Amino acid sequence: MSESLSILLTTALWAAVLRIATPLIFAMLGELICERAGIVNLGIEGIMTVGALTAWYCVYAGHGLWTAWLIAALVGASCGLFHGVFSITMAQSQHVTGLGVTLLATGLASFVYRTAVPSKATPPTITAFAPLDLPWLGHPLLAATAPTYLALALVALVAYVLWHTPLGLAIRLVGEHPQGAQAQGINVVAVRYGCLAVGSALMALGGAFLTTAAFNSFVINMVQGRGWMALALVVFGAWRPGLALLGALLYAGFDAYQLRLQTLFPGIPYQIFLMAPYLLAIAAMVPMARKAIGPQALMRPFVKGER
């Protein structure tokens with residue numbers, strides 16, 4: 001028991017928490033932006049997958065890491081715009097459209113990967129982001145890669161934009177009362193398309209982190225449900241970036257801890273430890289979700305001129 005408790009005091013554990021939470025933070029922010037504008041983006045899992053492949057392949061082809069991230073973001077934004085054609089312009093079901101994007105993007109990523117590296121017995125590797133050497137921070141806990149710091153900064157930026165700028169007010173109004181937003185001269189369709197593009201770009205960056213920072217190669221299905229967890233984090237955070245960040249760190253803490261417990265209790269089936277983070281996260285999220293009130297126009301198609 002003392003060994004299991006002492007793990008909580010190690011800097012390696014908390015460094016792992018930041019690393020595990022980073023892709024969730026990117027994905028959560030992307031979904032939160034979409035939902036604040038009234039669009040549920042169930043394409044998140046597929047967009048993360050295609051973002052992971054895009055970033056990895058760009059570096060594998062000889063481009064720089066940040067160039068790869070920019071291209072991955074553009075690919076993610078394109079997926080979001082594709083989603084918007086059906087869910088916004090054609091006013092089709094957001095659920096069905098999002099699941100279609102996930103299936104399409106995941107299948108496309110698998111096809112491109114197998115076409116690009118058909119004869120490799122093991123996944124090719126790249127040179128990934130290295131932890132930043134910032135001695136002035138004065139603590140090894142903060143020895144993380146640049147994308148982790150970017151994710152944390154984006155939480156503050158998104159919170160500021162949503163709650164302290166006219167753009168954020170327009171986004172929230174579109175998600176709450178699109179007809180009222182239209183009456184105020186706000187282009188509801190443009191705002192929703194913009195949020196889908198930006199949100200999907202952030203989702204793709206969550207996938208890009210997996211292949212260029214957390215790991216250094218691409219594997220089919222490597223996202224492993226992180227997109228669905230990000231959806232839950234948005235609800236847990238009551239559609240607020242700060243609370244959703246707390247949820248991401250909470251889940252990442254459970255996940256990092258169970259990985260270390262597996263080595264202390266080898267006699268216990270590892271599947272039990274793998275389930276633990278999800279069970280604990282659900283237990284923590286249920287009370288929060290009951291109190292959360294989402295945007296009133298969430299999942300409701302907008303038809304111009306309709307009251």
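Tutor: Gladly! Let us start with a cut-off: a residue is buried under 20% relative accessible area, exposed over 50%, and partly exposed in between. Please keep in mind that this is a predicted model.

Student: What makes Met299 partly exposed?

Tutor: Its relative accessible area is 39%. That value lies between 20% and 50%, so Met299 counts as partly exposed. You will find Met299 in the segment after α12 (270–291).

Student: What is the phi of Met299?

Tutor: Phi of Met299 is positive, about 75 degrees, although Met299 is not a glycine. Ala91 also has a positive phi, near 55 degrees, and is a residue other than glycine. Ala91 sits in the loop between α4 (65–89) and α5.

Student: And why is Ala91 called partly exposed?

Tutor: Ala91 has a relative accessible area of 28%.

Student: How do you know whether Ala55 is buried or exposed?

Tutor: The relative accessibility of Ala55 is 0%. Buried means under 20%, so Ala55 counts as buried. Ala55 lies in helix α3. Apart from neighbours within four places in sequence, Ala55 is in contact with Ala68, Ala72, Ala208, Thr211 and Thr212.

Student: Which class does Thr97 fall into, and why?

Tutor: Thr97 has 11% relative accessibility. The cut-off for buried is under 20%, so Thr97 counts as buried. Thr97 is part of helix α5. Leaving aside neighbours within four places in sequence, Thr97 touches His83, Phe86, Ser87 and Gln92.

Student: What does the side chain of Thr97 reach at 2.8 Å?

Tutor: The side chain of Thr97 reaches the backbone oxygen of Ser93.

Student: Let us turn to the helices. How many are there in the chain?

Tutor: The chain has 12 helices and zero strands. Of its 307 residues, 48% count as buried.

Student: Why are α3 and α5 called roughly parallel?

Tutor: Helix α3 (residues 44–60) and helix α5 (residues 94–116) pack at about 25 degrees, with axes 7 Å apart. Angles under 35 degrees count as roughly parallel, and α3 and α5 are therefore roughly parallel to each other. Their crossing is left-handed.

Student: Which residues meet there?

Tutor: From α3 they include Val50, Leu53, Trp56 and Tyr57, and from α5 they include Val101, Ala105, Val112 and Tyr113. By class, the contact of α3 with α5 has 12 nonpolar, four polar and one charged residues.

Student: What makes α6 roughly perpendicular to α7?

Tutor: The axes of helix α6 (residues 146–164) and helix α7 (residues 166–176) come within 5 Å and cross at roughly 75 degrees. The range for roughly perpendicular is 65 to 115 degrees, so α6 is roughly perpendicular to α7. Val161, Leu162 and Trp163 of α6 make the contact with Leu167, Gly168, Leu169, Ile171 and Arg172 of α7.

Student: How do those residues divide by class?

Tutor: The contact of α6 with α7 has six nonpolar residues, one polar and one charged. Gly counts as polar and Arg as charged.

Terms used:
Residues are numbered from 1 along each chain as its sequence is written. This is a predicted model: local features need pLDDT of at least 70, side-chain atom pairs count only at pLDDT 80 or more; totals for chains, interfaces and linings use all residues. Side-chain values use heavy atoms; hydrogens and water are left out. Axes are lines fitted to C-alpha atoms, for helices over the stretch in contact, and angles run from 0 to 180 degrees between N-to-C directions. Helices (H or I, at least four residues) and strands (E, at least two) are DSSP runs, numbered from the N terminus. Angles under 35 degrees count as roughly parallel, over 145 as roughly antiparallel, 65 to 115 as roughly perpendicular and the rest as oblique. Contact means heavy atoms within 4.5 Å. A crossing is left-handed if the near helix is turned anticlockwise from the far one by less than a right angle, and right-handed if clockwise. Buried means under 20% relative accessible area, exposed over 50%, partly exposed in between (1.4 Å probe, protein chains only). A polar contact is a pair of N or O atoms within 3.5 Å; within protein, one must be able to donate a hydrogen and the other to accept it, and residues adjacent in sequence count only if both atoms are side-chain atoms.
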